[in-house]
Amino acid sequence: GLSGIGAGAHLRMQCPEKSFAILEGRAAMGGTWDLFRYPGIRSDSDMYTLGYRFRPWTDPKAIADGPAILKYIRETAEEFNLDKKIRYHHQVRLASWSSDEARWTVEAEVGEEKSLARLTCNFLYLCTGYYDYENGYTPEWPGTERFRGRIIHPQKWDENLDYAGRRVVVIGSGATAVTLVPALAEKAAHVTMLQRSPTYVIARPSQDKIANFLRAVLPSRAAYAIARWKNVLLGMFFYNLSRKRPSAMKRLIANGVKKNLGEDYDLRHFTPHYNPWDQRLCLVPDSDLFKAISEGKASIVTDRIEAFTETGIKLKSGGRLEADIIVTATGLVLKLMAGLELVVDGRPVDLSKTMAYKGMMYSDVPNAASAFGYTNASWTLKCDLTAEYVCRLLKYMDERGYDICAPRANDPTVKPEPVLDFNSSYVLRALDTLPKQGSKTPWRLHQNYVKDIGLLRYGRVDDGAMEFKKSVRKTESV
């Protein structure tokens with residue numbers, strides 16, 4: 001995916017002498033952008049920040065669709081000759097660390113026959129994303145077996161599904177739902193978005209006029225850098241406004257909805273009970289969701305499900321929604337490291353008992369890093385910085401002859417806290433399984449790109465929390 005190909009490109013650029021392999025559990029590269037095939041699939045972040053820092057995004061559309069993003073990933077892999085480094089159908093199940101040998105032994109199931117492959121490495125870099133690729137989240141509702149139509153989860157979309165002229169109900173109000181509704185509405189008889197609770201939705205042009213102007217008058221890299229920083233700073237401004245003056249941000253979002261749907265529209269469908277950025281905002285390019293509603297092709301119902309019926313859904317309010325197809329856009333199952341088991345010197349690692357170091361490593365887990373993006377900005381911003389830091393760390397160890405590095409949470413003044421200050425359902429369902437963050441740097445997750453540049457790109461590698469060692473066995477052999 002984006003993280004793994006980005007990591008490989010950074011290694012090519014900064015550590016060209018290193019040998020590495022990229023293990024991919026599926027049959028193709030692209031991660032999310034190859035897995036998800038539902039209608040309208042697109043990014044909810046602009047590509048000037050979701051794209052790599054080192055490779056300009058040149059498509060006129062800033063809010064890009066899935067195939068365009070997948071093409072960008074594949075072209076990046078080709079440019080850095082990474083396609084030959086990828087071993088497909090390698091589903092990693094176990095990674096075991098030996099301090100004596102200063103190396104990881106990685107076990108993967110290969111192919112449909114699930115034969116065992118064993119690889120060893122000095123450093124393990126986990127770029128597996130944050131959710132379960134096998135199954136999305138689907139609540140249990142009474143009567144689903146009675147429904148005579150088709151029930152489908154977007155993560156398992158059937159590209160042969162014919163929804164033309166059909167009545168479709170999309171259950172959910174997150175990024176997937178607001179993407180699906182206008183896309184399905186182009187052919188369906190009618191699409192109803194059934195939400196248990198509303199989400200903040202903002203409209204934005206799919207094309208960034210300023211970025212396109214800059215690209216017309218400046219060299220590609222200069223234009224990309226300026227557009228990227230413009231969008232980073234704008235994103236930070238609106239996030240901080242949401243935190244410091246939530247009522248002002250609420251009014252701003254509400255005014256945007258009124259502008260698109262008219263003064264008479266019932267705003268309760270777009271007025272959540274929480275403050276902006278307590279959960280991620282939903283972005284709709286070119287007001288496509290609002291246009292589908294205005295044209296009568298789509299509608300929103302805010303209610304709870306009592307039960308499925310033969311012909312649709314019965315609501316708690318007593319109402320009914322008739323449907324031929326029901327799409328359960330009810331979210332993801334959060335799953336760090338694709339569920340692989342980490343073992344350090346014979347002891348299984350319980351991630352919930354660890355503390356996240358700089359948002360990318362785990363206390364007492366040697367020679368391992370993990371790519372995990374921002375919750376309040378584009379995923380790749382943080383993953384780019386993490387890959388840069390991993391390369392800095394590897395070069396630092398080589399220059400000083402170290403074989404082992406491990407973050408140690410030895411400062412008694414650092415207090416553990418939940419790793420994510422985010423109340424999205426998929427986070428809350430998994431919060432007990434996640435590592436903790438600390439009350440101060442380097443254990444604190446800033447969720448701030450500018451601060452992380454200082455910490456990861458320019459901060460000290462030997463910061464007192466990272467312990468470096470030479471392998472006992474290697475020392476003896478010398």
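## The main nonpolar core

In this predicted model, the largest nonpolar core has 101 residues, and F270 and L393 touch the most other members. A core here is a set of buried Ala, Val, Leu, Ile, Met, Phe, Trp, Tyr and Cys residues joined through side-chain atoms within 4.5 Å; buried means under 20% relative accessible area, exposed over 50% and partly exposed in between, with a 1.4 Å probe and protein chains only. Helix α10 (residues 379-400) supplies the largest share of this core, 12 residues. Helices (H or I, at least four residues) and strands (E, at least two) are DSSP runs, numbered from the N terminus.

So what does L393 touch, leaving aside residues up to four places away in sequence? The list is F123, M361, C405, V461, M466 and F468, with contact meaning heavy atoms within 4.5 Å.

## Strands worth a look

Strand β22 (residues 404-407) is covered on both faces: I404 and A406 are buried on one side, C405 and P407 on the other. It runs antiparallel to β25 (residues 466-469), joined by four bridges; strands count as paired if DSSP finds at least two bridges between them. A406 has E467 as its bridge partner in β25.

Elsewhere, β13, β14 and β15 make an open, antiparallel sheet in that order. β13 (305-308) and β15 (320-322) are the edge strands, each pairing on one side only. Three bridges link β14 (residues 312-315) to β15, and K314 sits opposite R320 in β15.

## Rings and a charge

There are 24 aromatic pairs in the structure. Rings of Phe, Tyr and Trp (its six-membered ring) pair if their centres lie within 6.5 Å; planes under 30 degrees apart are stacked, over 60 edge-to-face, and the rest tilted. One cluster linked by ring pairs takes in F36, Y38, Y130, Y131, Y133, F372 and W379.

K85 lies over the face of F20, 5.0 Å from the ring centre. For a charge to sit over a ring, NZ of Lys or CZ of Arg has to be within 6 Å of the ring centre and within 35 degrees of the ring normal.

## A loop glycine

G339 is in the loop between β16 (325-328) and β17 (341-344). Buried or partly exposed? G339 counts as partly exposed because its relative accessibility is 48%. Its C-alpha atom is separated by 8.1 Å from that of D132, 207 residues apart along the chain.

## Ground rules

Residues are numbered from 1 along each chain as its sequence is written, and side-chain values use heavy atoms, with hydrogens and water left out. Local features need pLDDT of at least 70 and side-chain atom pairs count only at pLDDT 80 or more, while totals for chains, interfaces and linings use all residues.
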